[in-house]
Amino acid sequence: MQTFTLEQVAQHTTTGSCWVIIQNKVYDVTDFLFDHPGGANVILRYGGKDATATYVPIHPSDALDKNLAPEKHLGTLDSESINRLKESGKNKVQTKDELRVEEALKSKPPLQRIVNVEDMEEVAKKILSYRALAYYSSAGDDCITHVENRRAFSRFFFHPRVMKPVSQCDTSTTILGYKSIIPVYISGAALALLGHPLGETNLTRGAYKTGIIQMVSNNSSLSYAEISAARGSPDQPIFFQLYKHVSDRTAEGRIREIEGLGYKAVFLTVDALIPGNRELDIRAPHYLEDFENQGFPTQRTPDGDQGETDRLGTAGGLVLKNDADMTWERTIPWIRSITKLPIVIKGIQCVQDAVLACEAGCEGIVLSNHGGRQLEYSLPPIELLYRIRQQRPDVFEKTEVYIDGGIYRGTDVIKALCLGARAVGLGRAFLYAQSAYGETGVVHLVRILEREIRFGMQSLGVRSIGELVPQMVERVDWEPVTRAKL
């Protein structure tokens, strides 16, 4: 294999010839520049340089093999250049954000002190890099939908039944026929490596140990094969969140790949076809620049028309190649023609589309507004669930219904199940858990939810998930008191 010096690579920095170094290997990415989902400038920024630190956390290990022809894998750095990179890494000065994270990790509380979902989130937000935090926590526009997703649950109150035998309580259910110890699954959430060096494998192994199901993100940090291989058993079910690529050929290849790897269902995402306006994520580079320059004058450019800042952020580039022209009439039959896996529509936001999904024969629907990260003022999923129950209760007989967004407590889960949901998904919560405590954090989070769900069921007077019915909840039209922490 041919070897190169750093000086040789450094000569290739333009759109006419752009090389990058990733994990000591040299790649010619010239032909890929304008096909890159995040745009050419993202790659050109690292033209002729080592891009490993930026590339690895947000790309699966097989991305280069899938996107670059073999002849574009040019070779490796020579041994002297590899040693020079190692030395420069040792001598690299830590950023202020890295120092902040280092100090936060020293004071991270023991896992046993984490008693609820919000505790886990608070710890993670302290120990995450600002870049990771901005991506994980960002929401659309003014974050109103994100906040309302959670607040909407407070408008539903219980009608508990007493004098019922509840000493034996079973919290388990099935999702698309696969058993889950609780009616909760790990919702597809991208880029777990931003939070922890083991990334999605923490979620996979945590799901196996606790008996719940993981939905793997289309935009996972690890390859679909690596995640499949991380399963505790070949029988462990995993689902796949599909963003359909604008190219049918590419989309077909992805579906066939995950089916061959043993994934058990396709969750077609339909609520994030174009980049959302996630301003916290967009502002992250500017915040970090100002944070690093504290106490030093910042060089200003003259006022005037400088154009807009890069509005993609960490996440925006991930969806630029999505198919924005999907239809019920074409897309669902097309997917059916290439796979026998169950199809679940993820991102239903109105009653009418829930009905259309049933008419299209979909095995499930997820009521979701993408965690409040896309269209501001889209209805909270629990409110939509309530409307479907009121207006089209037949939907629950025709397909499995799930919701995600705003779920923090076992009582939130139970409210959704009373109204007809089969299960609920949590995305950010599991990202925070694995970021803060790795695999053990995922296991601990499931145990918290299991405890809270069991308590809620017993307090309602039920012993199994099937006993949760609409009569047990009531939507109120008054505003509950603000939650107080004692």
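**Terms and their grounds**

Modeller: Let us begin with T145, which has its place in helix α9, residues 144-151; please keep in mind throughout that this is a predicted model.

Biologist: What makes T145 count as buried or exposed?

Modeller: The relative accessibility of T145 is 2%, and buried means under 20%, so T145 counts as buried. Leaving aside residues up to four places away in sequence, T145 touches N369, G372, L375, E376, Y377 and S378.

Biologist: Turning to the helices, why is α7 described as roughly parallel or roughly antiparallel to α20?

Modeller: The axes of α7 (residues 117-127) and α20 (residues 428-460) come within 10 Å and cross at roughly 170°. An angle over 145 degrees counts as roughly antiparallel, and therefore α7 is roughly antiparallel to α20. By class, their contact has 13 nonpolar, three polar and two charged residues. On the α7 side the contact includes V117, M120 and E121, and among the residues they meet in α20 are A429, Y432 and H444.

Biologist: How do you know which strands stand at the edges of the five-stranded open sheet?

Modeller: The order in that sheet is β1-β5-β4-β3-β2, with mixed pairing. β1 (3-4) and β2 (13-14) each have a single partner strand, so one side of each is left without a neighbour in the sheet, and they stand at the edges. Further in, β3 (residues 17-22) and β4 (residues 25-28) run antiparallel and are joined by four bridges, and I22 has K25 in β4 as its bridge partner. Helix α5 (residues 79-90) lies across β1, β3 and β5 (73-77), and runs at about 70° to β5.

Biologist: What makes β11 and β12 count as paired strands?

Modeller: Two strands pair if there are at least two bridges between them; β11 (residues 238-242) and β12 have three, in the parallel sense, so by that cut-off they are paired. Q241 stands opposite F267 in β12, and β11, helix α12 (residues 248-260) and β12 together make a right-handed β-α-β unit.

Biologist: Which strand pairs with β12 over four bridges?

Modeller: That strand is β13 (residues 343-348), again in the parallel sense, and here F267 stands opposite V344. Within β12 (residues 266-269), V266 and L268 point one way while F267 and T269 point the other way, and all are buried.

How values were computed:
Residues are numbered from 1 along each chain as its sequence is written. This is a predicted model: local features need pLDDT of at least 70, side-chain atom pairs count only at pLDDT 80 or more; totals for chains, interfaces and linings use all residues. Side-chain values use heavy atoms; hydrogens and water are left out. Axes are lines fitted to C-alpha atoms, for helices over the stretch in contact, and angles run from 0 to 180 degrees between N-to-C directions. Helices (H or I, at least four residues) and strands (E, at least two) are DSSP runs, numbered from the N terminus. Angles under 35 degrees count as roughly parallel, over 145 as roughly antiparallel, 65 to 115 as roughly perpendicular and the rest as oblique. Contact means heavy atoms within 4.5 Å. Ala, Val, Leu, Ile, Met, Phe, Trp, Tyr, Cys and Pro count as nonpolar, Asp, Glu, Lys and Arg as charged, and the others, Gly among them, as polar. Buried means under 20% relative accessible area, exposed over 50%, partly exposed in between (1.4 Å probe, protein chains only). A crossover is right-handed if, with the strands pointing away from the viewer, the path from the first strand over the helix to the second runs clockwise.
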